[in-house]
Amino acid sequence: AGTASAIPSGSGGDDAWGLFGADDAAAPKPDAPQNAPPPRASSHPFFASARFAWSSDAPFDRDAMTRELLDAVQDLARRCERRGGMERLRDALETCGSSDGGASQVIAAAVDALQSTDDDASLLNECILTARGIKCLEAMARSPLEGIEAAVLLSEHATHTAAPDDDGRDAGSGARRLAWVGTMYAAAQAAALGAADDGAEARAAENPPGLRPWALMPRPSKYMGNEVFVMTNREVDPCAEVPRKKAEECGAAAFYNEHLRTAAPVVIEGIGARDEWVAARSFCDLGWLRERFGDACVPVEVGRRTSDGGASGTSRWMLLREFIDDFLSTADDSLDTPARRRGGAGAAVGYVSQHSLLHQCDGLRDHFSVPEQCMGRLAAANAWLGTFGTTTHLHTDEADNMLCQIGGHKLVRLWPPEVGDACFHVESRGGHGSYNKFSPVDADEPDLEKFPEFAKAHGKCLVAVLGPDDSLFIPKGWWHHVRALTPSFSLNFWF
């Protein structure tokens, strides 16, 4: 997905100076005249090529789109019949339009086939995309919220796998062929917005007068109490801190040579300031975010996550403005949000996590650039917006990761792959064709009676406390656990 990397593969002997030319030391000093800031993310091929999947001015005709997708299913069945080893998928396609759950069976068969071959990936992903389109139509018929959830999954799959043959701006053949994805998403978003507006007045009446969104640049002690600098219990697990470097000292060449090639985590300070990201101000102004992009429908995890990745509360879709009103707004200087008033401290935790907000709201992409440390390649980009107390459970990623903190503070714990999977009692889960590892161990309070192997990870943890304009490089395969210490907005880039 995204653009192909220009970095040659190898065993680690490739030297960055040969790849990138001049040593970083030859670059202008911070007090010298600087070049223009890098292009905004809206012009990056990863985002530009995905526009077709997230917007459309074309009218939505449910009957015509149903016929189009069912015709596509029959064509895919004929194409699969000519390939060997696809009998299960072909059978699922042939019955897709005439049986309940037929589209789900197509997706399951295609995903299984993807694990055994790369030669037919384009065909298999087309099968999945078409089946997701059928499921989206079915979901839209049931309810607006089910419809938008299915539409986001559809657009995300198209974003990560369809790879149109142009940058999406000139409506080339790839974008035209898949334009129905954006049409379906736009219709689902409009239906969800209409349903939300129907009850908006009643919900607003329940909120206290004078409700206003927080800023994400407050004094951390407001949210963290007297333990503002007690980020981890070092008597339980003596952690070393992730090394820190200034952005001016860690340009693409130095980063590649000293961190990417060697899989060494680092916190880079000041990428946003150096590259003139407006996001440092705009994204932290939740009033601005609410006013400009409040109509976006987003998934919200309500309640604290359990160590196995589940949630002790619920998960539901709501408008971004509702989320900000309920979880990130108060009428005074207290922490008494409407969500806390209704359900207590547990219900006050809300998280829009790993969500494609940057695709949904194209105006956001003009406020930041893709970090140069991603080396021009990008597989996925997500937004993470939530209250204090949100967590991302212990897991690995099958891609290098740059986690950029825009506002608020987060605590990240990391363990290197050589600690060994046995320490973490591993589970595997798939996503977008890759498999990540997950652990049921609670990294904040590990139960060593239940998970005794985790004791072998003692003393091997690295820790980073991320504040505004800190960017943490998490190498592929490193275990990590994230906890928000304050209300927080982050972006992450997998590359």
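**Figure 1. Ring pairs join F46, F47, W277, F283, F368, F489 and F493 into a cluster.** Two rings of Phe, Tyr or Trp (for Trp, the six-membered ring) count as a pair if their centres lie within 6.5 Å; planes under 30 degrees apart are called stacked, over 60 edge-to-face, and the rest tilted. By this rule there are 16 aromatic pairs. This is a predicted model, in which local features need pLDDT of at least 70 and side-chain atom pairs count only at pLDDT 80 or more, while totals for chains, interfaces and linings use all residues. Residues are numbered from 1 along each chain as its sequence is written, and side-chain values use heavy atoms, with hydrogens and water left out.

**Figure 2. Here we look at the aromatic pair W277 and F368.** The ring centres are 6.0 Å apart and the planes meet at 65°, so this pair is edge-to-face. W277 sits in the loop between α13 (271-274) and α14 (279-282), and F368 in the loop between α18 (357-360) and β9 (380-386), so the pair ties together parts that are 91 residues apart in sequence. Helices (H or I, at least four residues) and strands (E, at least two) are DSSP runs, numbered from the N terminus. Is W277 buried or exposed? W277 counts as buried, at 6% relative accessibility. F368 is buried as well, with a relative accessible area of 0%. Buried means under 20% relative accessible area, exposed over 50%, and partly exposed in between (1.4 Å probe, protein chains only).

**Figure 3. Y351 and W384 form a tilted aromatic pair.** Their rings are 6.1 Å apart, centre to centre, with 45° between the planes. Y351 belongs to strand β8 (residues 350-355) and W384 to strand β9, so to speak two distant parts of the chain, 33 residues apart, linked by this pair. Both Y351 and W384 are buried.

**Figure 4. S329 is found in strand β7 (residues 329-330).** How buried is S329? Its relative accessible area is 0%, so S329 counts as buried. The side chain of S329 reaches the backbone oxygen of I324 at 2.8 Å. Beyond neighbours within four places in sequence, S329 is in contact (heavy atoms within 4.5 Å) with several residues, among them L211, W214 and P338.

**Figure 5. A339 lies in helix α17 (residues 338-347).** With a relative accessible area of 3%, A339 is buried. Which residues does A339 contact, leaving aside its neighbours within four places in sequence? They are D326, F327, G344, A347 and A348. A339 and L328 are 11 residues apart in sequence and 9.0 Å apart in space, C-alpha to C-alpha.

Key: Polar contact = N/O pair within 3.5 Å; in protein donor to acceptor, adjacent residues only side chain to side chain.
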